[in-house]
Amino acid sequence: MNLVVLGINHKTASVDLREKVAFSVEQLECALKQMLNSSEFLETVIVSTCNRTEIYCSLESDNSQILLAWLADFHHLTETELSQHTYCYTNEKAVSHLMRVACGLDSLVLGEPQILGQIKQAYQNAKNQSCVGVLLERLFQKTFSVAKQVRTETDIGASAVSVAYAAVSLAKHIYGKLDKIKVLLIGAGETIELVARHLQQNGCENMTVANRTIARAQTVADEFGANVVSLAQVPEQLIQSDIVISSTASTLPIIGKGVVEQALKARRYKPMLFVDIAVPRDIESQVGELNDAYLYTVDDLQAIVNQNVQSRLKAAEEAEEIIVLKVAEFEVWLKSLDSVDLIREYRMQVNGIKNELVERATAQLGAGKPAEKVILELANKLSNRLMHAPTRSIKLAAEDGELAQLVQLKNILGIDD
């Protein structure tokens with residue numbers, strides 16, 4: 001068996017090309033079935049996200065080029081078109097790559113946790129299509145264990161490394177729980193969408209989206225169960241908001257010192273947190289001079305992010321050390337599947353059973369039990385013990401409809417037609 005991974009990701013290809021090789025749910029099922037029915041691919045798991053498409057395979061031959069040819073053919077592309085944007089790793093390098101990806105070390109945002117869930121789903125999809133065998137089962141289970149260890153023993157995911165996440169982390173640090181906090185989001189672009197996602201993940205249940213285009217605001221709001229208002233309604237909305245996070249493309253400030261003063265007065269000076277992550281600014285800097293109004297800009301957050309990136313880089317080094325050890329452990333297991341070792345282990349196991357039963361038979365003969373009965377019992381027990389594991393495997397394969405495995409078991413056991 002040859003373990004291979006062929007991939008394309010945000011480092012090697014444009015969004016345009018990545019979209020062409022991504023697998024929809026329907027395509028994924030079709031692809032896995034196609035590979036299952038091919039004699040070239042023994043086991044397969046396909047990971048497909050917005051930032052990467054990777055195919056993990058155990059191949060019958062050592063010709064990894066067939067994987068590139070298959071991927072190009074499936075998506076109606078040329079091999080030349082794909083080859084300059086893909087990467088291919090075999091055996092221990094493939095193992096190391098999967099573990100690095102699962103730990104977030106190969107992600108656009110270092111240490112992001114979403115990729116682990118996506119890999120688990122990819123593994124389960126492949127397993128549902130009977131595409132996972134002994135090798136990939138062991139590899140992926142080992143990988144999940146490594147990712148958990150890295151999350152537990154390092155700070156790879158402990159600090160915010162995006163401005164959007166830093167904004168929410170700041171809000172959580174100031175207010176503690178966010179479930180009863182009212183948040184006003186100004187803008188409806190990608191950054192605000194990301195902020196809304198982080199807020200929701202941190203328990204925020206009361207969000208309002210304000211935007212120049214109501215339809216765009218509604219699209220964002222629908223995803224997170226938020227309310228929608230126009231920019232003209234922002235002054236009155238400020239009165240009800242504990243946190244205001246703004247990120248628009250406006251060339252002029254949307255919120256001035258005067259409107260915030262009025263809102264604070266109406267709120268009886270209940271404190272407000274303002275986070276301005278727009279460039280140019282959406283909120284006048286003078287707002288920060290007001291008592292009970294706490295203003296943070298993109299520069300303030302970027303300083304936090306830069307510090308946290310350094311923290312994650314250190315954690316990434318620790319994670320790499322863990323992965324090196326775990327790849328070595330997997331290699332030891334893989335080598336244990338070598339035929340010489342397998343034969344040696346099988347012989348030791350059989351000899352152990354034989355010696356145990358001979359010792360028992362000798363004791364019975366010494367106790368005066370008839371030799372004929374002792375020999376018959378020895379033969380029956382030896383047959384039963386040696387037949388136990390193959391019989392169980394045959395039953396399981398039959399129950400699961402694994403015809404290929406049944407044929408393989410027939411060959412292994414030397415059963416003629």
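The legends below describe close-up views of a predicted model.

Residues are numbered from 1 along each chain as its sequence is written, and side-chain values use heavy atoms, with hydrogens and water left out. Because the model is predicted, local features need pLDDT of at least 70 and side-chain atom pairs count only at pLDDT 80 or more, while totals for chains, interfaces and linings use all residues.

View 1. Helices (H or I, at least four residues) and strands (E, at least two) are DSSP runs, numbered from the N terminus. Axes are lines fitted to C-alpha atoms, for helices over the stretch in contact, and angles run from 0 to 180 degrees between N-to-C directions.

**View 2. Strand 3 and its pairing with strands 1 and 2.** Strand 1 (residues 2–9) runs antiparallel to strand 3 (residues 52–59), and 8 bridges join them. Ile8 is opposite Thr53 of strand 3. Between strand 2 and strand 3, also antiparallel, there are 7 bridges, and Val47 is opposite Glu54 of strand 3. A hairpin through 3 residues connects strand 2 to strand 3.

View 3. Helix 3 (residues 65–74) is largely enclosed by the rest of the structure, because 7 of its 10 residues are buried. The buried residues are Ile66, Leu67, Leu68, Trp70, Leu71, Ala72 and Phe74. Their cover includes strand 1, helix 2, strand 2, strand 3 and helix 4 (79–83), contact meaning heavy atoms within 4.5 Å. Just after helix 3, His76 has a positive phi of about 55 degrees.

**View 4. The contact of helix 5 with helix 7.** The axes of helix 5 (residues 91–102) and helix 7 (residues 134–153) come within 9 Å and cross at roughly 40 degrees. Helix 5 is therefore oblique to helix 7: angles under 35 degrees count as roughly parallel, over 145 as roughly antiparallel, 65 to 115 as roughly perpendicular and the rest as oblique. From helix 5, Val95, Leu98, Met99 and Ala102 meet Leu139, Phe140, Lys142, Thr143, Val146 and Ala147 of helix 7. The residues of this contact divide into 8 nonpolar, 1 polar and 1 charged; Ala, Val, Leu, Ile, Met, Phe, Trp, Tyr, Cys and Pro count as nonpolar, Asp, Glu, Lys and Arg as charged, and the others, Gly among them, as polar.

**View 5. Val327 in helix 13.** Helix 13 (residues 298–335) contains Val327, which is buried at a relative accessible area of 9%. Not counting residues up to four places away in sequence, Val327 touches Glu92, Val95, Ser96 and Met99. Gly258 is 69 residues from Val327 in sequence and 61 Å from Val327 in space, C-alpha to C-alpha.

**View 6. Thr297 in strand 10.** Thr297 belongs to strand 10 (residues 293–297) and is buried, with 13% relative accessibility. Neighbours within four places in sequence aside, Thr297 is in contact with Asp276 and Arg281.

Conventions
Buried < 20%, exposed > 50% of the residue type's maximum accessible area, 1.4 Å probe, protein only. Pairing = 2+ DSSP bridges.
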